[in-house]
Amino acid sequence: MKIMFNKPSGSAHHRDDAPRVRLTGLSAGYPGRPVLRQLTASMVESAVTALVGPNGSGKSTLLGVVAGVIRPTAGELHFGEGPPPAFVPQRGAVGDRLPLTVRQTVEMGRWGVRGPWRRLTREDRAAVEGALDRLGVGDLAHRQLGELSGGQRQRVLIAQGLAQESDLLLLDEPTTGLDPRARRVIQTLLDGLAADGVTIVQATHDLDAARSADACLLLRDGRLAAQGDPGEVLTTSALAELWQPL
Ligand code: ADP
């Protein structure tokens, strides 16, 4: 198993079709529970990649591998140049009843840089303000997380990821449970971030989000069933399997 990082080459420009993340023959899972099997795939720079697949197909596990939380058991994981990824947790995984304000939640994005409970530097504050503004939640900065709508809370969590100042944002079902309007808002924000040079990788059950992504990775039972243009990956038979009624 190898994990490799490219050294900065001094070039500030992203190449259009360069992979920000490349997996080669990658396997990973949990003790006694192999999940991902021999995955070879890439996630293109400054683009939105949607991870789609039925429940249990390994989408979250793949995000965990790229986030560095789950160690691959075989294969290679290769990162293009850039800072470590920022992981945006699932909305449901974040305690809505924690007595945290929006600003405090976004400030937690700086802990990885600064360590928890340290005083924020001017640079930290600038990163937090920038992220609050970018996600349009600056005017909610003093509100409690628990008072917000699902869409607002999701924007705060993305702002927390953005405050880490990574160019690689990993999201686990950011639009699940949101109404169509809130979903579109999140999708538009993610598209805008990609246009600004952030590589977006999102696990999603949202067909509109998957269709509007630049690329799809379709997982089935821990294997890569297809990858490429959403129009080609999301075939009728793939959709029938993915979006069958419960
Ligand atoms: P998806 O995100 O596509 O729903 P997951 O990556 O969450 O799929 O899960 C893939 C498989 O790994 C499932 O069978 C799931 O039960 C199993 N799994 C997920 N998390 C753990 C864990 N912490 N320990 C053991 N097995 C897990």
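Which residues does Ser-166 touch, not counting residues up to four places away in sequence? The answer is Pro-83, Pro-84, Pro-85 and Ala-86, where contact means heavy atoms within 4.5 Å.

## Basis of the report

This is a predicted model, in which local features need pLDDT of at least 70 and side-chain atom pairs count only at pLDDT 80 or more, while totals for chains, interfaces and linings use all residues. Residues are numbered from 1 along each chain as its sequence is written, and side-chain values use heavy atoms, with hydrogens and water left out.

## The loop between helix 5 and strand 7

Ser-166 is found in the loop between helix 5 and strand 7; helices (H or I, at least four residues) and strands (E, at least two) are DSSP runs, numbered from the N terminus. Ser-166 counts as buried because its relative accessibility is 9%. The classes are buried, under 20% relative accessible area, exposed, over 50%, and partly exposed in between, with a 1.4 Å probe and protein chains only.

The side chain of Ser-166 has a polar atom 2.7 Å from the backbone oxygen of Pro-84. A polar atom of the Ser-166 side chain also lies 3.0 Å from the backbone nitrogen of Leu-168. Glu-165 lies in this loop as well, between helix 5 (150-162) and strand 7. Glu-165 is not a glycine, yet has a positive phi of about 55 degrees, and counts as partly exposed at 46% relative accessibility.

## Salt bridges around Arg-110

A search of the whole structure finds seven salt bridges, a salt bridge being a side-chain nitrogen of Lys or Arg within 4 Å of a carboxyl oxygen of Asp or Glu. One of them joins the side chains of Arg-110 and Asp-124 at 2.9 Å, N to O. Arg-110 lies in the loop between helix 2 (102-107) and helix 3 (111-114), and Asp-124 in helix 4, so the pair ties together parts that are 14 residues apart in sequence. Both Arg-110 and Asp-124 are buried.

Arg-110 also forms a salt bridge with Glu-165, with the closest N and O atoms 3.3 Å apart. Since Glu-165 lies in the loop between helix 5 and strand 7 and Arg-110 in the loop between helix 2 and helix 3, this pair ties together parts that are 55 residues apart in sequence. The relative accessible area of Arg-110 is 1%.

## Further charged pairs

Another salt bridge links Arg-183 and Asp-206, whose closest N and O atoms are 3.9 Å apart. Arg-183 lies in helix 6 and Asp-206 in the loop between strand 8 (199-203) and helix 7 (207-212), so the pair ties together parts that are 23 residues apart in sequence. Arg-183 is partly exposed, with a relative accessible area of 29%, whereas Asp-206 is buried, at 9%. Elsewhere, salt bridges that share partners join Arg-110, Asp-124 and Glu-165 into one network.

Glu-129 is found in helix 4 (residues 122-134) and counts as partly exposed at 34% relative accessibility. The side chains of Glu-129 and Arg-103 make a polar contact of 2.3 Å. A polar contact is a pair of N or O atoms within 3.5 Å; within protein, one must be able to donate a hydrogen and the other to accept it, and residues adjacent in sequence count only if both atoms are side-chain atoms. The C-alpha atoms of Glu-129 and Arg-103 are separated by 8.6 Å, and the residues are 26 apart along the chain.

Glu-173 lies in the loop between strand 7 (168-172) and helix 6 and has a positive phi of about 50 degrees although it is not a glycine. Glu-173 is buried yet has no salt bridge, and the nearest side chain of opposite charge, Lys-59, is 4.7 Å away; Lys and Arg count as positive and Asp and Glu as negative, with His and the chain ends not counted. The side chain of Glu-173 does make a polar contact of 2.9 Å with that of Thr-176.

Lys-59 is among the buried residues of helix 1. Seven of the nine residues of helix 1 (residues 59-67) are buried. Gly-68, with a positive phi near 90 degrees, follows this helix.
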